[in-house]
Amino acid sequence: MSTRWPEIYVWPAGEAARLIYRGEEPVGFVLFPPRSSRKSPADGHCIVRFMIDHRFQGQGIGRHGLRAAVDWIARERGVDRVRLSVVPENTPARSLYRSEGFTETGEIDHGEIVMVKTLSRSVVPDQ
Ligand SMILES: CC(C)(COP(=O)(O)OP(=O)(O)OC[C@H]1O[C@@H](n2cnc3c(N)ncnc32)[C@H](O)[C@@H]1OP(=O)(O)O)[C@@H](O)C(=O)NCCC(=O)NCCS
């Protein structure tokens with residue numbers, strides 16, 4: 001009898017996945033919404049997924065990767081707020097986001113706590 005795997009697929013269409021590197025080595029990834037997303041820029045732009053390979057966690061890469069992701073989206077999309085969401089039980093991520101200046105908005109999106117960071121003007125490029 002063959003093993004039944006969950007479906008294996010590529011997702012999502014149109015979103016921008018970027019790898020996070022330490023030097024030459026890929027250590028994680030970040031997923032941004034498509035440029036045309038209706039949620040930007042009025043609601044601030046989103047980090048849809050953010051993940052550090054488990055082999056590289058706990059070394060400060062998440063913090064620096066998050067800063068790089070926020071800088072990237074500010075530069076590429078010209079936004080002054082960045083939104084993301086996190087499951088309430090994810091203590092490491094909530095702690096990281098809080099310590100990087102994200103605050104909880106009080107909104108719950110699909111069971112996840114929505115957090116926003118307002119960027120200083122110096123990070124946001126001229127339009
Ligand atoms: C959350 C995640 C991105 C953190 O990445 P990381 O490289 O391990 O984080 P860092 O080493 O840079 O640590 C940054 C901060 O995260 C928090 N943190 C990291 N690991 C933690 C843990 N095990 N428990 C509590 N807080 C933790 C701390 O606030 C830490 O700051 P400190 O070292 O000054 O205490 C990583 O654990 C991950 O990819 N997890 C799986 C995917 C995920 O949960 N992504 C977020 C979805 S919203």
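Predicted model: local features only at pLDDT ≥ 70, side-chain atom pairs only at ≥ 80, totals over all residues.
Trainee: With which strand does β4 pair, and in what sense, parallel or antiparallel?

Mentor: Strands of a sheet are joined through backbone hydrogen bonds, in either a parallel or an antiparallel arrangement. Here β4 pairs with β2, residues 25–32, in the antiparallel sense, over four bridges. Within β4, Phe50 is the residue that stands opposite Val30.

Trainee: In what order do the strands of the open sheet lie?

Mentor: The open sheet has four strands, in the order β3-β5-β7-β6, and its pairing is mixed. At its edges lie β3 (45–46) and β6 (103–109), each of which pairs on one side only. The pairing of β3 with β5 is parallel and spans two bridges. Cys46 has Arg83 of β5 as its bridge partner.

Trainee: Which residues of the largest nonpolar core touch the most other members?

Mentor: In soluble globular proteins, nonpolar side chains tend to be buried together. In this chain of 127 residues, 24% count as buried. The largest nonpolar core has 20 residues, of which Ile47, Ala69, Ile73 and Leu84 touch the most other members. Two or more residues come from each of β2, α1, β5 (81–86), α2 and β7 (112–118); the largest share, five residues, is that of α1.

Trainee: What is Leu84 in contact with, beyond its neighbours within four places in sequence?

Mentor: Leu84 is in contact with Cys46, Ile47, Tyr97, Phe102 and Met115.

Trainee: Which elements supply the shell around the ligand?

Mentor: At least two shell residues come from each of β4 (49–52), α1 (61–77) and α2 (91–99). The largest share, six residues, belongs to α2. The shell has 18 residues, and Gln57, Gly62, Pro92, Ser95 and Leu96 come nearest to the ligand.

Trainee: How many residues of each class does this shell have?

Mentor: By class, eight are nonpolar, nine are polar and one is charged.

Notes:
Residues numbered from 1 in each chain as written. Near = placed C-beta within 6 Å. Nonpolar A, V, L, I, M, F, W, Y, C, P; charged D, E, K, R; others polar. Buried ≥ 20, exposed ≤ 12 C-beta atoms within 10 Å, placed from the backbone. Pairing = 2+ DSSP bridges. Core = buried A, V, L, I, M, F, W, Y, C linked by C-beta atoms within 7 Å. Contact = placed C-beta atoms within 7 Å.
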